[in-house]
Number of protein chains: 2
Amino acid sequence: MNIGEIARRSGVSRSTVSYALSGKRSVSEATRQRIQSVIDELGYRPNAAARALKEGRTRTLGLVVPPVRDRLTFMQLDFVASVMAAADRADLDVLLSPAADDHDRSFERIVGGRRVDGVILMEVRLKDPRVERLRDMGLPFVTIGRTTRPQDTCWVDVDYASLAERCTNHLVDLGHRHLALVNRSAELVASGYGPAHRAREGFNEAVARRGVEGFEFCCADNAAAGESCVQEILRTHPEVTAAVTVNEAALPGVQRALDRAGLEIPARFSVAGVAARYWAEQFHPELTAADVPAADMGAAAVEFLIGRIAEPDSPPPHHLFTPPISLRNSTGPAPTPR
Amino acid sequence: MNIGEIARRSGVSRSTVSYALSGKRSVSEATRQRIQSVIDELGYRPNAAARALKEGRTRTLGLVVPPVRDRLTFMQLDFVASVMAAADRADLDVLLSPAADDHDRSFERIVGGRRVDGVILMEVRLKDPRVERLRDMGLPFVTIGRTTRPQDTCWVDVDYASLAERCTNHLVDLGHRHLALVNRSAELVASGYGPAHRAREGFNEAVARRGVEGFEFCCADNAAAGESCVQEILRTHPEVTAAVTVNEAALPGVQRALDRAGLEIPARFSVAGVAARYWAEQFHPELTAADVPAADMGAAAVEFLIGRIAEPDSPPPHHLFTPPISLRNSTGPAPTPR
DNA sequence: TTGTAGGCGTTATCAT
DNA sequence: ATGATAACGCCTACAA
């Protein structure tokens, strides 16, 4: 079924059908209705490929997600969901691309084949070849997280440095003098993953300024790793009474390790951090944490991207989210040594 | 950058470039190399829309996911991830459509606009208008879950009836005489959601056959609902000593309610069910459960769909997954009444 | 108010 | 081994 067939059956030309549909020039009410009834009867829909070819745009957004080896974190999933929802509101489709770098076939197809009008790039690293590629292609894009040259790209990000710092300060204020940072995995740190680097900086900064002791531990994004990470903390640094965590996927393991060690939260051990609200509330007692506003970030990313598609040469906007730390029940005064 | 430009710079015709790329007719090694070097230099990629228009296929799969109000369950997420991975392996792109019924604009765009070669439909209901629509369109599709007329569609599903039955039998074998079923939400049941209906059937069947008492409780897909659901079970039926659950998202709440009621698992209360392995292992003690093989199901769905795209008139295959129940530590002998 | 015709970038048929 | 050309379905400038 194509526009020619509709035109034939309506007894008009193809252009009239096209205009009746787009409204870009006036069509007499009588013919408009006749055309519409034929369309309804046959269930005609314009072919998206033909339209894309002619118009030079696809009305589709690319969403580049980390390929699934370790499961996506809730934060990432919330983000995907909110991008979907925001795109849907704007009548845009979302094409998924599981790609960690610019050589992944999927990335190549979507970007090289001009399958999308713009791209949202999740989990960018400080130096990210995909960003270079998109820039070279002249394809509008928004990154989640910033690269090392944030001023000339469009991004949304979470201010991990300041959040880690504030969590640390909160714990020091409560009297804790020996703190651990449960960071993301060593691989992520090694690959130049911004949040991990900035969480470290913020933690180290706060620890130094307040004159207390801080130990950083890298931890893979899963519960088992969280459990063994906390076990290691307790073994190697028994004096530690509080932890800052930016690793939400490790939280259930953190919980379990503390439970098993008989360290009641927050009486004997305090935990504060950054997490999707879901995980914070899943923690027991509920976690004092900065709730990453993944939904807002997804909506902002889509909004930015739509703007850049419309005006590619406008200065790229960005937004650094610094959500407040919700005081819940996982932090308390440092236990008095006995 | 288009094929004409490559042809011009290589000093050949467009068709030669096309054939050099596709290999569908022989091209002399010399010209092939010349063309290739021009392509490499300019970074040319065939335009996907033009190709789709000409070839009549998009090399894209549509994945229809439930729109995000309640968060997607892990099972669903695993499924999305595995579809992505399987599609990627087959060099197919995935277009996302958040749609609960056939009138959702996103569904309409993707299906009506022929944006995809085939569709994977998640969370189908027993009677699902999207299925009718796809059938009418003649677009190949695979459903996750079966409708009431499973023989003439292509699907993969989990055998909830038999799994619920087997969990129930296991608990009865252990001496439990008063059991509860923690089912999915009342809305899902009302809307004709297959797994919820079939879990109920399997549970009722087993309970009747074994001559024990069974109570069904509907429960929304989140932890809070799980907690209040268990509280209600304990309040209204204090004689219940075991629960069968098909609601993985409720598990953390189930756990919390039992903990708070002081009912040790499995000494005082047993739980068995169906869940993504992740949740089963997250439970404490680990949950005796049938682990839904979401990854296998996603891969199978993609495989089926590719087959149907290739041969739309072949008899539609389907596969009912009946994963074994992994005996873990959440089930034990019924407590002796005191 | 409506029709005609060209072109978007590809692939493939028919020539050479 | 290669080239010219028509078609895929749509949109829109130009003409009437």
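Asp157(B) and Arg198(B) are both buried in this predicted model. The two residues form a salt bridge, and their closest N and O atoms are 3.4 Å apart. This pair ties together distant parts of the chain: Asp157(B) belongs to strand S5 (residues 155-158) of chain B, while Arg198(B) belongs to helix H10 (residues 194-210) of chain B, 41 residues apart.

Now to the boundary between the chains. Here the rule finds twelve salt bridges across the interface of chain A and chain B, and the count over all chains comes to 51. Here are some of the salt bridges, within and between chains:

| Salt bridge | Closest N to O |
|---|---|
| Arg105(A) and Asp91(B) | 2.5 Å |
| Asp157(B) and Arg198(B) | 3.4 Å |

Arg109(B) lies in helix H6 (residues 105-112) of chain B, and its partner Asp91(A) lies in the loop between H5 and S2 of chain A. Asp91(A) is partly exposed, at 33% relative accessible area. Through shared partners, salt bridges join Asp88(A), Asp91(A), Asp93(A), Arg105(B), Arg109(B) and Arg115(B) into one network.

How much area is buried between chain A and chain B? It is about 4,200 Å², with carbon and sulfur atoms giving 53%. The contact involves 46 residues of chain A and 46 residues of chain B, and 21 residue pairs are in polar contact between the two chains. On the side of chain A that touches chain B, H5(A) gives the most, with seven residues. The residues of that side divide into 23 nonpolar, eight polar and 15 charged.

Strands meet across the boundary too. S2(A) pairs with strand S2 (residues 93-98) of chain B in the antiparallel sense, over three bridges; in S2(B), Leu96(B) is the bridge partner of Val94(A).

Within chain B, strand S3 (residues 118-121) runs parallel to S4(B), joined by three bridges, with Phe141(B) as the bridge partner of Val119(B). Strand S4 (residues 141-144) of chain B is covered on both faces: Phe141(B) and Thr143(B) are buried on one side, and Val142(B) and Ile144(B) on the other.

Methods
Residues numbered from 1 in each chain as written. Chains lettered and ligands numbered in written order. Predicted model: local features only at pLDDT ≥ 70, side-chain atom pairs only at ≥ 80, totals over all residues. Heavy atoms only, no water. Contact = heavy atoms within 4.5 Å. Buried area = accessible area lost by both parts, 1.4 Å probe. Salt bridge = Lys/Arg side-chain N within 4 Å of Asp/Glu carboxyl O. Polar contact = N/O pair within 3.5 Å; in protein donor to acceptor, adjacent residues only side chain to side chain. Helix = DSSP H or I, 4+ residues; strand = E, 2+ residues; numbered from the N terminus. Nonpolar A, V, L, I, M, F, W, Y, C, P; charged D, E, K, R; others polar. Pairing = 2+ DSSP bridges. Buried < 20%, exposed > 50% of the residue type's maximum accessible area, 1.4 Å probe, protein only.
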